[in-house]
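Visitor: I have a structure to look at and a few quick questions. Can you take me through it?
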Amino acid sequence: MSSTFAGVSLFDSGPHRFAVRAVGRYLTFPFEGGGGGGTIEIFGERGLVIEQTGRLVAPSDAALWVLIDAVRSRAEGPTLGTLVDHHGRVWPSMSMVELRTEDRIDRGRVVSIGYRVLYVGV
Amino acid sequence: MIWLQPRRVTIGGQELSHVGVVTVDRSADRVVVEHSDLGPHVAFADVPEQRATIVLSRTLVNEGAAGSLRPGDAGTLSFRTAPSASGAQVREVTADVVITGVKHEVSAKKGAMQTLECVAISVGGASDPISETVI
């Protein structure tokens, strides 16, 4: 099955993967971060962050920019939605907060670009 | 691609005599490979950056025949080739090249050999840097 964010398939032009970043709580070890105490200090709970990496693929530069702009508009806007991966795993109330493309558009048999997208749980 | 016994071989207008073979090797400078979350196999591959390397091998018949070409020199490589000696279907192969290597080898079996290695240049980068036309 294809992945979706807020009910829209934005990334099906190319392969992509999802990974859940570190979960749990923030902590500092002794003598790290300016702490002088002798114990591990535990702070608040980490928010859920999901990282998606992949490649947008199109037959032309113009078509690729359509794909990039569609993702960019979600990353810049306050879109809140459910993220569903290829296997039906559902993460509700996620917000896309960052699209970071690779340093070049690749023009070979097709036109493509690698990317990383971050979602945070709201 | 291999051309045997090409004729009228020139680089930048400088004629190269006794060229026995010209080869073109094409290789990927950058390979894009992607996997997906759906399984272990490559889901996407492309070669967005590639290079054509041309190698000329020729026999040197005297000391002065080595010429003055050296790495970094640029010019148009041109030569003619035909499937037979009849003169029919003569083709001209041309490419803008930059010399990347000049090597020599001397042996009792082959005599003095010179090998010129070049990278073919495509103006703008979109079209194939090597053209072959029937003349």
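Visitor: What share of the 122 residues in chain A is buried?
Guide: Buried residues come to 24% of the 122 in chain A. Keep in mind that this is a predicted model.
Visitor: OK, and how many helices and strands does chain A have?
Guide: Chain A has one helix and nine strands. Starting at the N terminus, the order is β-β-β-β-β-α-β-β-β-β.
Visitor: Is chain A spread out or a compact globule?
Guide: Chain A is more spread out than a compact globule, because its radius of gyration is 18 Å, well over the 14 Å that the globule rule gives for 122 residues. Its C-alpha trace spans about 60 × 30 × 25 Å along the principal axes.
Visitor: New topic. How many residues of chain A are in contact with chain B?
Guide: On the chain A side there are 16 residues, in contact with 11 residues of chain B. Elements of chain A that give two or more residues to that side are β2 (16-20), β5 (49-58) and β8 (106-107).
Visitor: What kinds of residues are on that side of chain A?
Guide: Four are nonpolar, six are polar and six are charged.
Visitor: Back to β8. Where is A:Asp106, and is A:Asp106 buried or exposed?
Guide: A:Asp106 lies in strand β8 of chain A. A:Asp106 counts as buried because 21 other C-beta atoms are within 10 Å, and the cut-off for buried is 20 or more.
Visitor: Which residues does A:Asp106 touch?
Guide: Leaving out residues up to four places away in sequence, A:Asp106 touches A:Ser112 and A:Ile113, plus B:Val32, B:Asp46 and B:Pro48.

Definitions and conventions
Residues are numbered from 1 along each chain as its sequence is written. Chains are lettered from A and ligands numbered from 1 in the order in which they are written. This is a predicted model: local features need pLDDT of at least 70, side-chain atom pairs count only at pLDDT 80 or more; totals for chains, interfaces and linings use all residues. Two residues are in contact if their C-beta atoms, placed from the backbone, lie within 7 Å. Helices (H or I, at least four residues) and strands (E, at least two) are DSSP runs, numbered from the N terminus. Ala, Val, Leu, Ile, Met, Phe, Trp, Tyr, Cys and Pro count as nonpolar, Asp, Glu, Lys and Arg as charged, and the others, Gly among them, as polar. The radius of gyration is taken over C-alpha atoms; the globule rule is 2.2 Å times the number of residues to the power 0.38. A residue is buried if 20 or more other C-beta atoms lie within 10 Å of its own, exposed if 12 or fewer, and partly exposed in between; C-beta atoms are placed from the backbone.
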